[in-house]
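I opened this entry to record what I looked up, going from the sheet to the core and then to the ligand.

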Amino acid sequence: MAEGVILELHRSSPNYAKLVDEMVRMERKIFPKNESLSRTFDQELGKNNSGLLYYGVNDEVAGYVMYSCPSSLSSSITKLAVKEKYRRLGYGEALLRAAIGKCRARSIHRISLHVDPSRTPAVNLYRKLGFRIDSLIERYYSSNRDAYRMYLEFDIDK
Ligand SMILES: CC(C)(COP(=O)(O)OP(=O)(O)OC[C@H]1O[C@@H](n2cnc3c(N)ncnc32)[C@H](O)[C@@H]1OP(=O)(O)O)[C@@H](O)C(=O)NCCC(=O)NCCS
């Protein structure tokens with residue numbers, strides 16, 4: 001069972017530099033170079049329409065989710081990661097639910113994302129929360145790595 005607290009990261013957050021440093025190290029460890037935001041993490045966070053939620057557990061980052069709302073109609077999940085030792089405890093699901101909640105609060109009715117089809121835990125998690133596969137985009141990440149484009153739609157009246 002996930003413990004701790006989900007917080008939104010802002011440039012004005014206490015310990016901003018330390019937290020970003022921790023997430024950059026996670027990026028390097030978890031994602032291959034061409035998928036990693038480690039070199040542009042701070043820039044991504046500075047973008048007007050981006051947001052980042054992280055799970056703080058015992059003064060440590062258990063996981064984080066980055067999302068972006070470039071228009072009033074659609075948004076995207078740009079990154080989701082949980083530290084290995086905290087996996088299968090519900091942190092990923094809680095983070096994704098929280099990010100979906102943030103997007104819904106902006107009256108957005110479609111969230112999309114890209115995921116490598118071989119990332120079974122992530123694909124299962126997205127499906128569990130209602131995302132559907134839209135298409136397979138060949139060579140999205142690199143010459144031999146494709147991506148599923150997935151989306152979740154809401155009825156904006158609900
Ligand atoms: C994907 C990821 C974020 C899941 O985080 P997590 O905290 O372990 O996930 P949860 O414990 O919240 O699990 C929620 C659901 O995800 C799916 N899932 C998680 N781990 C799984 C696994 N090892 N195998 C199959 N399904 C899995 C299941 O549907 C699970 O629901 P269930 O518990 O009812 O079966 C984590 O595995 C991760 O960081 N992976 C590497 C990075 C990545 O692939 N990111 C996504 C692409 S950007």
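Which residue in strand 3 does Gly-56 stand opposite? I looked it up in what is a predicted model: Gly-56 faces Val-61.

I traced seven strands in an open sheet with mixed pairing, ordered 1-2-3-4-5-7-6. From one strand to the next I get an average twist of 25 degrees. Strands 2 and 3 run antiparallel and are joined by eight bridges.

Helices on the sheet. I noted that helix 3 packs on the sheet and touches strands 1, 2, 3, 4 and 5. The direction of helix 3 makes about 35 degrees with that of strand 3. Helix 4 lies across strands 4, 5 and 7, and I read about 165 degrees between helix 4 and strand 5.

Core. I then checked the largest nonpolar core, which has 36 residues. Those that touch the most other members are Leu-53, Tyr-55, Tyr-64, Val-65, Leu-95 and Ala-99. Helix 3 supplies the largest share, seven residues.

Ligand. I listed 20 residues around the ligand, of which Arg-87, Gly-92, Glu-93, Pro-121 and Leu-125 come nearest. Strand 4 (74–82), helix 3 (91–105) and helix 4 (120–128) each give two or more residues to this shell. Helix 4 gives the most, six residues. By class I have 10 nonpolar, four polar and six charged residues in the shell.

Terms used: Residues numbered from 1 in each chain as written. Predicted model: local features only at pLDDT ≥ 70, side-chain atom pairs only at ≥ 80, totals over all residues. Near = placed C-beta within 6 Å. Helix = DSSP H or I, 4+ residues; strand = E, 2+ residues; numbered from the N terminus. Nonpolar A, V, L, I, M, F, W, Y, C, P; charged D, E, K, R; others polar. Core = buried A, V, L, I, M, F, W, Y, C linked by C-beta atoms within 7 Å. Buried ≥ 20, exposed ≤ 12 C-beta atoms within 10 Å, placed from the backbone. Pairing = 2+ DSSP bridges. Axes fitted to C-alpha atoms, helices over the stretch in contact; angles between N-to-C directions. Contact = placed C-beta atoms within 7 Å.
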